[in-house]
Amino acid sequence: MGRRDRVEDGGWAAASGRAVPAESPLPQSPVGVIHIPQSSNDNWLCDPESGPPSELDCLRHVLAPALLSAAEARGREVGVGADQALIRSGVIDEDAYLQALSFHTGLAIETFADASRGDCLLSDRHLSRAAQHGLLPLRRHGQLIWAVAPRGFGARRLCRLVAAYPSLCDRICLISTRDLNQFLLRQEAGDALGRSAADALGRRFPALSAAPIADGVPAGMRAVRRLAQTGALAGIVTLMPTSALDIWSSVLAVWFLAFIGLRLAASLRPPRPNVRLPRIPDGRLPVYTVIAALYREAASVAPLMQAIGALDYPREKLDVIIVIELDDLETRAALARLGPMPHVQILLAPAEGPRTKPKALNCALPFVRGSFTAVFDAEDHPDPGQLRAALDAFRIQGNDVACAQASLCIENQSDSWLSRMFAAEYAGQFDVFLPGLASFGVPLPLGGSSNHFRTAVLREVGGWDAYNVTEDADLGFRLARFGYRSTTFASTTFEEAPARFGGWLRQRSRWMKGWMQTWSVHMRRPWRLWRDAGAKGFFTLNAVVGGNVLTALTFPILAVNMAVELLARSGGVTEEFAASPVTPLYLTTIVAGFVSTIVVGLMGLARRGQLRQGWILALTPVYWACLSIAAWRALYQLLTEPYRWEKTEHGLSPRTRSNATSQTPRAMATERRRRYR
């Protein structure tokens, strides 16, 4: 069923009530075409403004002629106005350029010094369009005017328009991107954007959000009710006869085995051949947005910005958004110490709604200017070529691919046995299992970092769920329900794993809680999930998301049952237990789980060239016990504080700290390739 044909009860229209924006193709490659929605005035890529660079006329007596000629040449090479080449390279800041442009053209500059929400003619629902397009209609002195933040070739077009129609000077004014964003984020406008970031998905597609239902019951009473229901269920299970418990345990074991079977089947798929495409010229590249949501990450800011700065992508086409919380003064100060960054927007997330990473990402979404959007975490160090590699993945896979997931790799694996296990787990997950799963054409439980999206599709499906603490896995399945696919591609982002049990437990409990939320949201109406995602999507959700949680929850139950059986066989308990027919099933389940984890982990380590680290997988039973603790803790939190975000602390590893201070991002990337490839 096509994505525009679905209608969900409760107002879920499969599309956003509008057609997908028109698309413009890049040059044909041997394997496909990449399509770029013209989503803002940055992306007029197939119709560049020809003729002399009139946007530089205002600077003829300000900057040296050689510098202006270089800016003109750079603008032609990259496919933007020469003014953007100057601003993004730091030669002149945007405010200074707008002052010169204002003096030259007669266009006034709007600073919003005395503007209020009432002066903006857009409704709350359409405020995000102003940030997206750099255009804002205002009522000033009883007259409609348009505030324009020039992007792309915007300044050149304005110069030519005003020269041809001087009367337009009274109807158009200039505004900097910073002032536009600050106006939209403050006062009533900020409240509207904050409410949208927290609740837009729940309003548009209520059946697909983990947001609390407004039933008039206080949150505390709902928690008590959930605990009472859980206690009643536990009591029923405890009082079940032995035969019923055997049946229930058998069902869990079979579910466990289904997850193991899918995991092995996907992992044993041969890897796709690495197709190399012709390099896209800078002038044909789309604007690409990179978002990072930070909270208390002052120590990680400088390495992160260095890694983003090392990306092999023209700065004129790179739109970086850093979202921080209002009370995070340390991270704000760390960003300020880095000095001017013309290609970086720093947004303060409004206080509305839960304080979660997906809410912060949603705050950034209205300000995204790129046709494609990537999400990175504070501790990430992506390969410099990752953005271009993601574009190649979109070109190869086709227009129904909405997300491309890069591999995540742990770089501080030698810090502890936990970080070594984490590294083996990530190698198996991102280098073996997810690529195999993508080859089946089923929904992917995305990783929380280094996912690359088509921005138009991301907006179409409602962005991230602010109330889901693993927004990545949820979004992978929601994309599938709208008729889109996700894929993986060969690029690596290096991350820091928690090396101590406390930090690991908090992070893994949050993941487990989010997987529980994701499963419960999409299984609210199983027939809808089957209709939207098909049988493969239905099975994948239950086997992968449900299986991850189920294996962790049931492992101690199966282990205790096995211990009882062993005691029975040794004469320690009654013969009734010894004669249980499910003993072989329990044994098969546990052994298959251990074997699959070790096999997939070894395959991942082998592909990373780290097979010598495979000895750590001998601790798989101990690691599974830790996962069970995290899962049961997550279940308790789901009942008592479902939307609490337990933050993972970064920058604690001596290795990552020393690397960040002693090497440049390009040198670090070269060293990692030498060590890990």
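Two strands pair, in these notes, if DSSP finds at least two bridges between them. Helices (H or I, at least four residues) and strands (E, at least two) are DSSP runs, numbered from the N terminus.

**Basis.** I worked on a predicted model, in which local features need pLDDT of at least 70 and side-chain atom pairs count only at pLDDT 80 or more, while totals for chains, interfaces and linings use all residues. Residues are numbered from 1 along each chain as its sequence is written, and side-chain values use heavy atoms, with hydrogens and water left out.

I looked up the strand order and found 11-10-9-12-15-14-16-13, an open sheet with mixed pairing. Strand 11 (344-349) and strand 13 (381-382) are its edge strands, each pairing on one side only.

I then followed the parallel pairs. Strand 9 (residues 288-294) pairs with strand 10 (residues 318-325) over seven bridges in the parallel sense, and alanine 293 stands opposite valine 323 of strand 10. Valine 323 also has a bridge partner in strand 11, leucine 347. Strand 10 and strand 11 are paired in the parallel sense over six bridges. Between strand 10 and strand 11 the chain passes through helix 11 (residues 329-337), and this β-α-β crossover is right-handed (with the strands pointing away from the viewer, the path from the first strand over the helix to the second runs clockwise).

Axes are lines fitted to C-alpha atoms, for helices over the stretch in contact (heavy atoms within 4.5 Å), and angles run from 0 to 180 degrees between N-to-C directions.

I checked helix 3 (residues 94-105) against helix 5 (residues 154-164): their axes come within 11 Å and cross at roughly 15°. Helix 3 and helix 5 are therefore roughly parallel to each other (angles under 35 degrees). Their crossing is right-handed, the near helix being turned clockwise from the far one by less than a right angle. Tyr97, Leu101 and Thr105 of helix 3 meet Ala155, Cys159 and Val162 of helix 5. I sorted these contact residues into five nonpolar, one polar and no charged.

I recorded a second open sheet, in the order 5-8-7-6 and with mixed pairing. Its edge strands are strand 5 (108-109) and strand 6 (135-140). Strand 6 pairs with strand 7 (residues 143-148) in the antiparallel sense over six bridges, and leucine 136 stands opposite alanine 147 of strand 7.

Conventions
Angles under 35 degrees count as roughly parallel, over 145 as roughly antiparallel, 65 to 115 as roughly perpendicular and the rest as oblique. Ala, Val, Leu, Ile, Met, Phe, Trp, Tyr, Cys and Pro count as nonpolar, Asp, Glu, Lys and Arg as charged, and the others, Gly among them, as polar.
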